[in-house]
Amino acid sequence: VTIYVLERTPPECIYQVNAADPENAKLKYSLLPATVPFSITKSGTIFSTKEFDYEKDPHCYFLNITVTDPDGLSSTETVNINIINTNDERPYFTTKQRIYRIPEEQSPGTIVANITAKDPDDEDFPSRLFYSIQSSDTHFSINPATGVLQVTGRIDRDALPLRLHPNISLIVRVEDGPSSGHASEMEITVIVDDINDNPPECNPSDFRKEVNENTTPGIFLVDLRNYCKDIDVDPSNNQFSFTGLSGFGSNNFALESTASGRLVMTGTIDLENPASPGIEVYTLTVRVQDTAHPNYSSKYPFYISFDNIIYIYIRIKPVNEFSPVFCNLSYVFSVSEITKVGSSIGRVHAIDKDWPPNVITYSIVAGAGNRDYTNLFWISPTKGHVRILARLDYETTQKHIFTVQASDQEKSTTASVTVNVLEVNDEEPVCSPSYFSLQIPVDLAIGTNINGFRIECQDRDSDPRSFRYFINEGNENSHFIFSPSAGSNTSHLILASRFDYESGLDTNWIYSLRVHITDDNLVSARDKTTHLIKTGTVTLSIRVIPNPTTTTTTTPGFTVVTKRENLYSPSAWYVPFVVTVGALLLLGLLGHRGLLLLARLRSRGPAAPRAGRAPLFSQLEKTTGLTNPKKLAVLLTMTKINTVFDGEARDPVTGRMYEFNTQSGARRWKKSNEPLQPVLAMQVMSSATENSGQGVDRAEAPSKKEPSEKKKELTVATKPAAKPQQGNQKHQVQL
């Protein structure tokens with residue numbers, strides 16, 4: 001019988017032995033050898049007595065089972081027990097090394113370490129283990145079957161975080177099953193070493209400096225070391241030097257040393273010097289090179305050069321050493337007085353010895369104006385062309401002198417410009433009168449100076465003898481001539497032929513003569529084709545007065561009637577709007593003024609009587625001289641007296657009729673259906689224990705200086721009595 005028992009199984013019943021006796025006797029079971037970790041009961045049940053470990057205990061047991069009857073008869077059989085191995089042990093690493101060192105920039109696939117492990121459950125057979133890296137790292141990977149650790153990504157010692165922490169810690173895990181099994185972990189450290197894999201870099205890689213020409217040699221220009229660096233971590237790998245200063249004109253510059261990188265100027269550059277190349281910008285190159293031997297991997301195409309090139313552009317700044325100089329100390333231009341405004345009359349020119357030449361700006365600084373114009377001339381700021389801004393007049397000014405300036409923004413110089421105005425016959429004859437109306441009788445004698453009329457002419461640029469007179473138009477049948485017709489500045493209007501209206505030769509009774517006066521009398525016929533001739537004009541209106549017996553021939557006339565019609569245009573929409581708004585504003589203003597006028601008329605009407613006893617207290621203070629009426633008890637006697645209004649008049653403001661008393665001046669408005677009635681005059685009498693006299697106060701006429709008092713008294717005086725009184729009536733008032 002073969003029995004299989006799993007290791008790590010707790011002690012338990014593993015088998016039941018069955019035996020039979022022909023006599024059916026009671027049997028007894030026993031087990032040999034006694035040292036095995038098994039036992040058997042009297043009933044034949046086999047038990048294991050321990051938990052087996054496959055890796056430590058025997059893998060197979062042979063048990064001799066003997067069954068005996070009461071008579072001593074027995075029978076023996078063998079039971080084979082095999083211990084089955086289970087996965088109950090953790091694998092363990094056989095690699096003892098924990099720290100590895102590699103250079104940076106290793107190519108992918110480079111083997112860093114070979115990690116090995118063993119599983120006790122596998123005895124002497126090859127273990128089927130699985131390897132993995134538990135920490136998150138992109139630089140390395142491990143073969144899950146063999147445990148080979150290799151590079152998978154770029155390892156740059158000069159970049160963060162390796163620049164600060166060059167050690168990479170990895171947690172390697174080994175498992176004896178792909179999913180659920182026993183596992184072990186081990187931490188290994190990979191130290192990344194720096195190599196000279198970076199050339200020196202300069203930022204910026206080009207420099208621009210300015211130096212004035214004629215600068216003293218030895219001036220410091222730029223320190224290149226302040227702008228260059230090598231990012232390699234190891235000091236032995238980040239050292240560099242500056243060499244190879246080159247470029248056209250580099251002999252004027254030098255490096256102090258290969259280590260410092262300080263560029264200085266060693267020569268003097270004068271741009272105006274003919275021996276100088278005249279270059280404004282010098283382009284220099286400097287090579288920046290690693291001191292340590294470079295160690296690049298050819299597998300990385302971006303590592304190509306071991307050095308860096310710096311470009312230095314040095315601009316020689318021109319210095320304004322020279323002032324502009326005019327080609328001539330003075331300029332003279334001659335120009336006709338009839339030259340058109342805006343025409344160029346000449347050009348001034350200045351040069352500057354500075355190199356490169358400075359931009360010269362021209363301007364007029366003095367003397368270019370006259371009484372009528374601030375500036376008669378204008379000069380082009382860049383070209384120097386002189387132009388006229390106003391018409392020149394020889395008769396006013398024959399010569400203009402002004403000063404021009406040439407400036408290079410820092411230095412300037414001046415020159416004198418003279419403009420001679422050439423005389424040209426550009427003035428027209430001016431005659432007086434220029435328009436005149438004359439009336440002559442129809443029978444005026446031939447040769448008569450008409451109404452003694454003469455014209456007198458003047459010309460600012462012509463001799464008085466140069467005038468010629470002729471009638472250009474309106475002289476029908478040549479009835480009129482001027483004498484003299486030439487050679488004088490005065491000429492008379494002469495009747496040259498008689499009028500003939502009877503035969504119909506003349507039909508026009510009003511002559512409108514247009515007289516031309518030219519200034520070419522002294523010009524020869526040969527020069528008239530080229531000489532400029534000016535003409536003046538005089539207009540004369542001559543009315544011929546017919547005799548009573550003369551039949552006047554008239555020409556039928558006609559009347560021109562012009563009809564205008566106003567049409568609405570959509571573009572003029574605002575016109576009715578403005579008219580409407582204006583009309584509304586005018587109506588509002590008139591209404592406002594009407595209300596103000598009505599209020600003023602009402603204020604001039606009869607005032608309403610004032611209620612209260614304030615007038616009594618005022619009269620009491622005037623009569624007794626007391627200022628505190630509260631402490632005085634007096635007996636006032638009020639007497640009403642009939643007053644007769646013996647006159648009437650019309651109020652000039654309201655137009656109403658009013659009645660008045662000629663003695664007291666009291667007034668009241670007159671009612672149309674009421675006859676004249678007396679007006680009340682108030683008399684105030686006071687009585688006291690020490691004074692029994694009576695005082696009567698008559699109402700005073702209104703004063704012009706006190707309008708408020710006038711209204712008060714007029715109101716009291718004009719209050720009509722409710723009933724006529726025939727006697728005196730006394731009233732007692734207790735105050």
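The structure holds 19 salt bridges, a salt bridge being a side-chain nitrogen of Lys or Arg within 4 Å of a carboxyl oxygen of Asp or Glu. Please keep in mind that this is a predicted model, in which local features need pLDDT of at least 70 and side-chain atom pairs count only at pLDDT 80 or more, while totals for chains, interfaces and linings use all residues. Residues are numbered from 1 along each chain as its sequence is written, and side-chain values use heavy atoms, with hydrogens and water left out.

Glu 51 is joined to Arg 8, with 3.8 Å between the closest N and O atoms. This pair links distant parts of the chain, 43 residues apart: Glu 51 lies in the loop between strand 5 and strand 6, and Arg 8 in the loop between strand 1 (2-6) and strand 2. Helices (H or I, at least four residues) and strands (E, at least two) are DSSP runs, numbered from the N terminus. How accessible are the two partners? Glu 51 is partly exposed, at 40% relative accessible area, and Arg 8 is partly exposed as well, at 34%. For these words, buried means under 20% relative accessible area, exposed over 50%, and partly exposed in between, with a 1.4 Å probe and protein chains only.

The second salt bridge connects Asp 393 and Arg 460, whose closest N and O atoms are 3.4 Å apart. Here too the pair links distant parts of the chain, 67 residues apart: Asp 393 sits in the loop between strand 32 (385-388) and strand 33 (399-407), and Arg 460 in the loop between strand 37 (449-458) and strand 38 (468-473). Is Asp 393 buried or exposed? At 14% relative accessibility, Asp 393 counts as buried, whereas Arg 460, at 52%, counts as exposed.

In the third, Arg 468 meets Asp 520, and the closest N and O atoms are 3.0 Å apart. Arg 468 belongs to strand 38, and Asp 520 to the loop between strand 41 (510-518) and strand 42 (535-545); the pair is 52 residues apart and links distant parts of the chain. Arg 468 is partly exposed at 27% relative accessibility, and Asp 520 is buried at 4%. Salt bridges with shared partners also join Arg 8, Glu 51, Asp 53 and Glu 89 into one network.

I turn now to the strands. Strands of a sheet pair through backbone hydrogen bonds, either parallel or antiparallel. In the present analysis, two strands pair if DSSP finds at least two bridges between them.

Strand 4 pairs with strand 5 (residues 45-48) in the antiparallel sense over three bridges, and Ser 39 stands opposite Phe 47 in strand 5.

Another open sheet has four strands in the order 27-34-33-30, with mixed pairing. Its edge strands are strand 27 (330-336) and strand 30 (361-366), each of which pairs on one side only. Strand 27 and strand 34 (residues 412-422) run in the parallel sense over seven bridges, and Ser 336 has Leu 422 in strand 34 as its bridge partner.

Two further strands show a covered and an uncovered face. In a regular strand the side chains alternate between the two faces of the sheet. In strand 3 (residues 28-32), Tyr 29 and Leu 31 form the covered face, and Lys 28, Ser 30 and Leu 32 the uncovered one. Strand 3 pairs with strand 6 (residues 60-68) in the antiparallel sense over five bridges, and Leu 32 has Asn 64 as its bridge partner in strand 6. In strand 12 (residues 130-133), Tyr 131 and Ile 133 are on the covered face, with Phe 130 and Ser 132 on the uncovered one. Strand 12 and strand 15 (residues 167-175) pair in the antiparallel sense over four bridges, and Tyr 131 stands opposite Val 174 in strand 15.

Finally, consider residues 573-596. The unreviewed UniProt entry annotates them as "transmembrane region"; such annotations may be inferred rather than shown by experiment. The span is 96% helix and 0% strand, and its end C-alpha atoms lie 36 Å apart.
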